[in-house]
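This report goes through some local features of one protein chain, one region at a time. Look at the sequence and the structure before reading on.

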Amino acid sequence: MGKLASVAEALLTPHGVDRYLELIDPMLVRREVRGRVTAVRRQTSSTLTLTIRPSRAWRGFSAGQYVRVTVTIDGVRRTRCYSPACSQYRSDGQLELTVKAIDDGLVSGYLHRHAEPGMVLGLSEPDGTFGLPDPRPGHVLLISGGSGITPVLSMLRTLADEDHPGQVALLHYENEPADLPYRAELAELVAGRPNFRVRFACTMTERGGDLHGFFSRAHLDEVAPWFGEAETFLCGPVPLMDSVRKEYADEGLGERLHTEEFTPPAFAAEAGEVTGQVRFARSGKEFANTGKPLLEQAEDAGLRPEHGCRMGICFSCTQVKTSGPVRNLRTGEVSAEDNEEIQLCISAPCGDVEINA
């Protein structure tokens, strides 16, 4: 069968068999992963939970990883990164993605308005190094805020499916009680598991949560007094992550804290790097280098390059740099290689740079 498919692929070049199969049914494609939405649920006013059946090219994921989700909006493919919230052992093989609506969020807004059963999405293979080690730690503490709940919820559900014998706790932060997701599911999950604990904290109210106010040592002691012996996994907004990092640093536990953040890298141009001209060759735009990431400079010049996450994860903004040096804002490395693929959102020019776009 595989040999037959290869022959068909060769005969149908340059388009390939997938381009014809997707005309019949997008889920039939062999080389790309697609997913069909089978259920849509709105847990809160700002969240949308999608249940998705992946196509046969899907090979599964590990709790904590993310996938790149692609939708076509007004004829343009747009990609964003979302972490599955389900256990990696989910029995029916489907994915659960919870999407939080973001102000002016192009993809999240589109999904909130248009997602329905039958909708087909593009999916990537899973990616990311945030996850549970193997063998599992004896005790596990999960801390999250906002949409950061999804990767750690996947870890919690995975540990439950493994009948993990150690202490496991989830501490999740939201502004108000109405924003708290998964309350019923998590109450059911911990029922009958005395070593599992879930606590919700509301930062802006004095009622409605298990805890109230911002992250503190008192919250840690309440939820996981054994946290010093645990491996801790953290995902959430920057203020929460900064507070947890400081507490763990003060306790000498920095090596036990593992983090995932979907925020753009902090950027500060190096002294002497804000020089030269930036040229987008195909569009004919040329302008003085301001030191900002290339994506922002292009937008300031009136260009609208394809982009997604703005933090170097989804690769939607990848373009070919014809010439010139750029600094990778995630690694700090400078590359002057010609005809090199770079990500516009995390690349800043260090002099004259030309982009083939």
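## Thr-44 and its surroundings

Apart from its neighbours within four places in sequence, Thr-44 is in contact with Ala-178, Asp-179, Leu-180 and Pro-181. The model is a predicted one. Thr-44 sits in the loop that lies between strand 1 (33-41) and strand 2 (47-54). Its side chain also makes a polar contact, at 2.8 Å, with the side chain of Thr-47.

Is Thr-44 buried or exposed? Thr-44 counts as buried, because its relative accessibility is 8% and the cut-off for buried is under 20%.

## Strands 2 and 5

Strand 2 pairs with strand 5 in the antiparallel sense, and the pairing runs over six bridges. One of the bridge pairs is formed by Thr-49 and Thr-98, the latter in strand 5. Strand 5 covers residues 95-100 and is mostly covered, with five of its six residues buried.

In a regular strand, side chains alternate between the two faces of the sheet.

Five strands form an open sheet with mixed pairing, and their order is 14-13-20-15-18. Which strands stand at the edges? Strand 14 (285-288) and strand 18 do. Each of these two has a single partner strand, so one side of each has no neighbour in the sheet. On average, neighbouring strands of this sheet are turned by 30° against each other, with direction ignored.

The pairing at one end of the order can be followed residue by residue. Strand 13 (residues 277-280) and strand 14 run antiparallel and are joined by four bridges. Among the residues involved is Gln-277, whose bridge partner in strand 14 is Ala-288.

## Backbone features in loops

The peptide bond from Asp-134 to Pro-135 is cis, and its omega is near 10°. Pro-135 belongs to the loop between strand 6 (120-123) and strand 7 (140-145).

Tyr-182 is not a glycine, yet it has a positive phi of about 60°. Tyr-182 lies in the loop between strand 8 (168-174) and helix 5 (183-190). Asn-339 is also a residue other than glycine with a positive phi, here near 50°. The loop that holds Asn-339 runs between strand 17 (334-335) and strand 18 (340-343).

Asn-339 counts as exposed, because its relative accessibility is 58% and exposed means over 50%.

## Cysteines

A disulfide is a covalent bond between the sulfur atoms of two cysteines. How many disulfides are counted in this model? The count comes to zero.

Cys-345 shows how the count works. The cysteine sulfur closest to the sulfur of Cys-345 is in Cys-317, at 3.7 Å. That is too far for a bond, because a disulfide needs the two sulfur atoms within 2.5 Å. Cys-345 is buried, with a relative accessible area of 8%. Cys-235 also counts as buried, at 3% relative accessibility.

Terms used. Residues are numbered from 1 along each chain as its sequence is written. This is a predicted model: local features need pLDDT of at least 70, side-chain atom pairs count only at pLDDT 80 or more; totals for chains, interfaces and linings use all residues. Side-chain values use heavy atoms; hydrogens and water are left out. Buried means under 20% relative accessible area, exposed over 50%, partly exposed in between (1.4 Å probe, protein chains only). A polar contact is a pair of N or O atoms within 3.5 Å; within protein, one must be able to donate a hydrogen and the other to accept it, and residues adjacent in sequence count only if both atoms are side-chain atoms. Contact means heavy atoms within 4.5 Å. Two strands pair if DSSP finds at least two bridges between them. Axes are lines fitted to C-alpha atoms, for helices over the stretch in contact, and angles run from 0 to 180 degrees between N-to-C directions.
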